[in-house]
Amino acid sequence: MIGFTARLLVTTLLAAGLAAPAYADSDSSLAAARAAQDQGRTDDAIHLYSDLLAARELNEAARATAYNRRGIAYRALGRLDAAVKDYSSAIRLKSDYPAPYNNRGNVYVQTGRYDAAIRDGSRILSAYPID
C-alpha cells in the first residue's frame, strides 16, 4: 500500500508540475559550465562538463552538446586527443550535429591528419549542402 501511495504522490506532483525532472537542474549546470568556459575558466568548465556527463541526467542532445563543449575546452588546453575523443562521443550520440564534425576536423588539420579532416568536412557538406 505504501508503494502505491508513493507512486500516486509522485505522479500527482509531476502532473501538477511541482516536481521538475532531474534534467532541469542539468540544463542550468550545462549553462554554468558554458559560462565558466566563456569566462576563460577552462579547467572549471571541464570539471563541470565531466560531472554532468558522469551523472547521466542529460538527454541525448544535451549530452552531445556537453561532449562537444568539453572537447572545445580540451583543445584550448592543447589536449587534442581528449578533444577528438569528446567530439567523437558527441557525433556518436547525435550524428546530425555538425559542430563536433567541424571541431574534430579542425583538430585533424592542426595535427596534419588531412584525410580525416576532409571526411569530417564532407559529412557536414552532405548534411548541409551549399546552394
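This is a tour of a predicted model, one selection at a time.

**The whole chain**

Start with the whole protein in cartoon view. The secondary structure consists of seven helices and zero strands. Read from the N terminus, the order of elements is α-α-α-α-α-α-α. The protein has 131 residues, and 34% of them count as buried. Switch to a surface view next. The protein exposes about 8,100 Å², and carbon and sulfur atoms supply 56% of that area. For contacts between residues at least 6 apart in sequence, 41% join residues at least 24 apart.

Select leucine 30, which lies in helix H2, residues 22-38. Is leucine 30 buried or exposed? Its relative accessibility is 14%, and because the cut-off for buried is under 20%, leucine 30 counts as buried.

Now show what surrounds leucine 30. Setting aside residues up to four places away in sequence, leucine 30 touches Tyr49, Leu52, Ala62, Thr65 and Ala66. Leucine 30 and leucine 48 are 18 residues apart along the chain, and their C-alpha atoms are separated by 7.7 Å.

Widen the view to the largest nonpolar core, which has 14 residues. Which residues have the most contacts inside this core? They are Leu30, Tyr49, Leu58 and Ala66. The elements that give two or more residues to this core are H2, helix H3 (42-55) and H4. Apart from this core lies another, of twelve residues, and Ile46, Ala73, Ala83 and Val107 are among them.

**Arginine 69 and aspartate 38**

The structure holds seven salt bridges. For one of them, select arginine 69 and aspartate 38, whose closest N and O atoms are 3.8 Å apart. Arginine 69 is in helix H4 and aspartate 38 is in helix H2, so this pair ties together parts that are 31 residues apart in sequence.

Arginine 69 is buried, with a relative accessible area of 14%. Aspartate 38 is exposed, at 54%.

**Helix H6**

Move on to residues 98-110, which make up helix H6. Helix H6 has 13 residues and reaches 19 Å from its first C-alpha to its last, close to the 18 Å expected at 1.5 Å a residue.

Within H6, show the side chains of the buried residues: Pro100, Tyr101, Asn103, Arg104, Gly105, Val107 and Tyr108. What do the buried residues of H6 pack against? They pack against helix H4 (60-76), helix H5 (80-93) and helix H7 (114-127).

Then step past the end of the helix. H6 is followed by glycine 112, whose phi is positive, near 80 degrees.

The next selection is aspartate 120, found in helix H7. Aspartate 120 counts as buried, at 1% relative accessibility. Leaving out its neighbours within four places in sequence, aspartate 120 is in contact with Tyr101, Arg104, Gly105 and Tyr108.

Show arginine 104 beside aspartate 120. Their side chains meet in a salt bridge of 2.6 Å, N to O. Aspartate 120 lies in helix H7 and arginine 104 in helix H6, so the pair ties together parts that are 16 residues apart in sequence. Arginine 104 counts as buried, at 9% relative accessibility.

An α-helix has 3.6 residues a turn, so residues three or four places apart point the same way. Arginine 123 counts as partly exposed, with a relative accessibility of 38%.

**Last stop: a salt-bridge network**

Finish by selecting Arg34, Asp38 and Arg69 together. Salt bridges that share partners join these three residues into one network.

Terms used: Residues numbered from 1 in each chain as written. Predicted model: local features only at pLDDT ≥ 70, side-chain atom pairs only at ≥ 80, totals over all residues. Heavy atoms only, no water. Helix = DSSP H or I, 4+ residues; strand = E, 2+ residues; numbered from the N terminus. Expected span 1.5 Å × (residues − 1). Buried < 20%, exposed > 50% of the residue type's maximum accessible area, 1.4 Å probe, protein only. Contact = heavy atoms within 4.5 Å. Areas by Shrake-Rupley, 256 points an atom, 1.4 Å probe, with all protein chains shown as cover. Salt bridge = Lys/Arg side-chain N within 4 Å of Asp/Glu carboxyl O. Core = buried A, V, L, I, M, F, W, Y, C linked by side-chain atoms within 4.5 Å.
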